Amino acid sequence: MFRYTAEVLPYHDVPLDTALGELSGLGFSEVNLWSSAPPLAAHVDPGDDLSAISAALRRHGLTACGLTCYGKNQDEIRDRLRLAHDLEIDTVVFDCEAHYPVFVSQFLPPLLDEAQRLGVRIAVENHLTVPFSADFESGVGEDQRWDEGVDSLAQIKRLLADLHHPNLGICLAPPHLWVMNESITEAIGYLGERGKLFYYYVWDIDHAYRRGVDGLNFGPGERQLPRPDGVLDHAVPFAALARAGYTGVASLKCHGTAGWPLERITRELRGADAYVRECLRRVCG
């Protein structure tokens, strides 16, 4: 059975120790750490005191299940592969950080070689091909989308066909598939039967999202969290994950929490967590 975990991302303005304490208090035992460019979370970075990070995780009874590093160049990602190895994290997540032909020919291959040397997996997120910017959450950049990236199921298939590598897989992001009018369960089945589903985000999107207009603005944080009145019935992809024999991470995630007080972040996550656990009971009993 897959493991239900949480992203530290919603607490991106909160110190790591405080964020870990809140997630532990919600009942999580695994957390994905972030080392991304602003405005995203960067609770850990190369050069940080690794013993202090490990001690904070132990103090709150948590294990790090992933490291996400968006908005970074090739050298910066290489440094984060080493950071993941040193923290005993087995999966590093990022998206198509360059135009697709460059990504598969120049950007990704040396990183895959380094990942294999370190014993770390790379999970490329299916992501709308909007160039990264500090204000992406406002929807900026939709008119600059690349014509080739890794956002549709066809492009996911192309990536895995173009680069046959044991350390390469996919981080599946349901909202990005929904924006592309793709079937989440079909993507889970395709990746599951090939052993290429490395990571899964438990994540929703605002009903008010406008395709072709809103870009990466998936709505305020509370509308991105899984919820009974959300866009997705999360029990359906959970059942697909179970059928596919997926044993990896399914991690609770949202953007859109900048400026929120700590209490609000935890309150919204608690509500989403209750709904997700009810979905899990429906699927798993």
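1. Strand β5 (residues 121-125) pairs with β6 in the parallel sense over four bridges; strands count as paired if DSSP finds at least two bridges between them. Helices (H or I, at least four residues) and strands (E, at least two) are DSSP runs, numbered from the N terminus. The model is a predicted one, in which local features need pLDDT of at least 70, side-chain atom pairs count only at pLDDT 80 or more, and totals for chains, interfaces and linings use all residues. Residues are numbered from 1 along each chain as its sequence is written, and side-chain values use heavy atoms, with hydrogens and water left out.

2. β6 also pairs with strand β7 (residues 197-202), in the parallel sense over three bridges. Cys171 of β6 stands opposite Glu125, and the bridge partner of Cys171 in β7 is Tyr199.

3. Five of the five residues of β6 (residues 168-172) are buried, so this strand is largely enclosed by the rest of the structure. Buried means under 20% relative accessible area (1.4 Å probe, protein chains only).

4. The axes of helix α4 (residues 100-118) and helix α5 (residues 153-162) come within 11 Å and cross at roughly 30 degrees. Axes are lines fitted to C-alpha atoms over the stretch in contact, with angles from 0 to 180 degrees between N-to-C directions. The two helices are therefore roughly parallel to each other (angles under 35 degrees).

5. Tyr100, Phe103, Val104 and Leu108 of α4 meet Arg158, Leu159 and Asp162 of α5, contact being heavy atoms within 4.5 Å.

Methods
Parallel < 35°, antiparallel > 145°, perpendicular 65-115°, else oblique. Buried < 20%, exposed > 50% of the residue type's maximum accessible area, 1.4 Å probe, protein only.
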